[in-house]
Amino acid sequence: MLRAGFDSLLHLVMFLIFTGFAVAALVFAAMAREDAYRAAEKQTKKFWLIILGINLALNLLVPMLFLQIAGVIAAIVFMVDVRPALAQVSGGGRGGRGGGSSSDGPYGPYNGGR
């Protein structure tokens, strides 16, 4: 009985993680500009929205672990390959700030007290 409870809890946690990741990837894909996909030389925005949308639908409708794992792999590819490339061509480098030096303060560059 304890094992059945653990298995169902594990499936619930995996479902929540996979679905949350699928939603996050889909939102990021939808927020990016279409021309950024072309500039980053990645597949089109429509392609990624379809792939990630199917991933989310499968997570919600078909509770098969194999399909969920395939879907999370697609979401991981988007998040670690496509999303950084989109951010780079869109000027949204590290931390969402456009460019800048490591010595920049909140009001501009730090010039050493000169």
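The legends below describe close-up views of a predicted model.

Residues are numbered from 1 along each chain as its sequence is written, and side-chain values use heavy atoms, with hydrogens and water left out. Because the model is predicted, local features need pLDDT of at least 70 and side-chain atom pairs count only at pLDDT 80 or more, whereas totals for chains, interfaces and linings use all residues.

View 1. Helix 1 covers residues 2-31; helices here are DSSP runs (H or I, at least four residues) numbered from the N terminus. The expected span of a helix is 1.5 Å times one less than its number of residues, so the 30 residues of helix 1 should span 44 Å, and the distance of 43 Å between its end C-alpha atoms agrees with this. Phe 18, Thr 19, Ala 22, Ala 25 and Ala 29 of this helix are buried, where buried means under 20% relative accessible area, exposed means over 50%, and partly exposed lies in between (1.4 Å probe, protein chains only). The buried residues of helix 1 pack against helix 2 (34-39), helix 3 (45-61) and helix 4 (65-90).

**View 2. The largest nonpolar core.** A nonpolar core is a set of buried Ala, Val, Leu, Ile, Met, Phe, Trp, Tyr and Cys residues joined through side-chain atoms within 4.5 Å. The largest one has 14 residues, and those with the most contacts inside it are Ala 25, Tyr 37, Trp 48, Leu 52, Phe 78, Val 82 and Leu 86. Helix 1, helix 2, helix 3 and helix 4 each give two or more residues to this core, and helix 4 gives the most, with six residues. Leaving aside residues up to four places away in sequence, Leu 52 touches Ala 25, Leu 26, Ala 29, Ala 74, Ala 75 and Phe 78, a contact being heavy atoms within 4.5 Å.

**View 3. The surroundings of Lys 45.** Lys 45 lies in helix 3 and is buried, because its relative accessible area is 16%. Beyond the residues up to four places away in sequence, Lys 45 touches Ala 29, Ala 30, Ala 32, Glu 34 and Tyr 37. A polar atom of the Lys 45 side chain lies 2.9 Å from the backbone oxygen of Ala 30. Although Lys 45 and Ala 29 are 16 residues apart in sequence, their C-alpha atoms are 6.9 Å apart in space.

**View 4. Aromatic rings.** Phe 47, Trp 48 and Phe 78 form one aromatic cluster, and the structure holds two aromatic pairs. Phe 47 and Trp 48 form an edge-to-face pair, at 5.4 Å centre to centre and with 85 degrees between the planes; rings of Phe, Tyr and Trp (its six-membered ring) pair if their centres lie within 6.5 Å, with planes under 30 degrees apart counted as stacked, over 60 as edge-to-face and the rest as tilted. Phe 47 counts as partly exposed because its relative accessibility is 33%, whereas Trp 48, at 8%, counts as buried.

**View 5. Two glutamines.** Gln 43 is placed in the loop between helix 2 and helix 3, and at 44% relative accessibility it counts as partly exposed. Apart from its neighbours within four places in sequence, Gln 43 is in contact with Tyr 37 and Trp 48. Gln 68, in helix 4, counts as buried at 8% relative accessibility, and Gln 68 touches Phe 15, Phe 18, Asn 59, Val 62 and Pro 63, not counting residues up to four places away in sequence.

Note on methods. Polar contact = N/O pair within 3.5 Å; in protein donor to acceptor, adjacent residues only side chain to side chain.
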